[in-house]
Amino acid sequence: MQKHWILSLSAFICGLLFGLGLLMAGMANPAKVLGFLDVTGLWDPSLALVMLGAIAVAFIAFRLSKKMPQSLLNTKFSWPEATAITRPLLVGSALFGLGWGLVGLCPGPALVLAGTGSVEGLIFIVFMLIGIRLVDYFQAKQSS
Amino acid sequence: MIDWSHFTPESALTGGLMIGLACALLWLLNGRIAGISGITAGTFTSSGSERQWRLAFVLGLLLSSWLWLMLAPLPVAEVTGNYGLLAAAGLLVGIGARLGSGCTSGHGVCGLARLSMRSLVATLTFMGVAVATVFIVRHLL
């Protein structure tokens, strides 16, 4: 029972840090994200540096964990198992890119924005949740 | 052409390192991938302790701006688009991330950091489509 709370506390701090990182990077501002995606206009390369910094640190963590029998809080490492390039992966990613490009919001920044009380952020999150639930609903129906 | 007036290399890199650290800690401490769409979806589908840490992570994201506000004024967030467009984009992002098993964080940061080919394909796909979308909206319509 106690372990669950420690895992949740750790996840809470990671969520906070993730959000602060997005705010620091300027990625909670959709206009800045669109400035990166607009490669043929006036291009703001900031997002590339955000990705580079984030990937570099995460890369070290994944490397380190390969020599560890379990996580520091004694849980099993949940390595993602799927490796196949499937149609849902491609179609899903394309739809995601379309939505992302339309307003410059993806799930993390949208949650941070919604947390500020932004009506735009809240509307986006509500419909994002509907989208997530729709896919889960149809996938459950299909497999049953 | 690079938009030097909006390019913010220091804060972008610092923020990136913080995001990377958050992913690193969630992995090394909890053994979990910091994929925002997957974690959010899991708050509906999982139960017990599996649900609890996911809710805690999402709560952390939601409250991060409050912690920021204690130290500094919030940076500006310019959202373009009316409520209908925001709703449509949110729906597309939700469906797409779930169908594609991940978003900018799960595939774009963690997946690439794990050197996953599947995540590389996903990231190139959504980046490509997003760039094309912005091109069409800003320069063709």
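**A salt bridge and the interface around it**

In this predicted model, B:Arg98 pairs with A:Asp136 in a salt bridge whose closest N and O atoms lie 2.8 Å apart. This pair makes a handy starting point for a walk across the boundary between the two chains. By the rule applied, two salt bridges are found across the interface of chain B and chain A. Polar contacts were counted as well: 26 residue pairs, with both partners at pLDDT 80 or more, are in polar contact between chain B and chain A.

Which helices of chain B supply at least two residues each to the side that touches chain A? They are helix H1 (9-30), helix H2 (36-45), helix H3 (48-71), helix H4 (83-99), helix H5 (104-113) and helix H6 (117-140). H1(B) provides the largest share of that side, with 21 residues. Sorted by class, the side of chain B that touches chain A comprises 67 nonpolar, 29 polar and seven charged residues.

The extent of the interface can be given both in residues and in area. In residues, 103 of chain B are in contact with 106 of chain A. In area, chain B and chain A bury about 9700 Å² between them, and 77% of this lies on carbon and sulfur atoms. Within chain B, the residues that lose the most area to chain A are B:Trp27, B:Leu28 and B:Arg118, which together account for 8% of what that side buries.

Attention now turns to chain A itself. Six helices and zero strands were assigned to chain A, giving the pattern α-α-α-α-α-α when read along the sequence. The C-alpha trace of chain A spans about 50 × 40 × 35 Å along its principal axes.

One helix pair in this chain can be followed down to its residues. Helix H1 (residues 2-25) of chain A and helix H5 (residues 107-115) of chain A have axes that come within 10 Å and cross at roughly 95°. An angle of 65 to 115 degrees counts as roughly perpendicular, and H1(A) and H5(A) are therefore roughly perpendicular to each other. Where do the two helices meet? On the H1(A) side the residues are A:Gly19, A:Leu22 and A:Leu23, and on the H5(A) side they are A:Gly108, A:Pro109 and A:Val112. By class, this contact of H1(A) with H5(A) has four nonpolar residues, two polar residues and no charged residues.

Key
Residues numbered from 1 in each chain as written. Chains lettered and ligands numbered in written order. Predicted model: local features only at pLDDT ≥ 70, side-chain atom pairs only at ≥ 80, totals over all residues. Heavy atoms only, no water. Contact = heavy atoms within 4.5 Å. Buried area = accessible area lost by both parts, 1.4 Å probe. Salt bridge = Lys/Arg side-chain N within 4 Å of Asp/Glu carboxyl O. Polar contact = N/O pair within 3.5 Å; in protein donor to acceptor, adjacent residues only side chain to side chain. Helix = DSSP H or I, 4+ residues; strand = E, 2+ residues; numbered from the N terminus. Nonpolar A, V, L, I, M, F, W, Y, C, P; charged D, E, K, R; others polar. Axes fitted to C-alpha atoms, helices over the stretch in contact; angles between N-to-C directions. Parallel < 35°, antiparallel > 145°, perpendicular 65-115°, else oblique.
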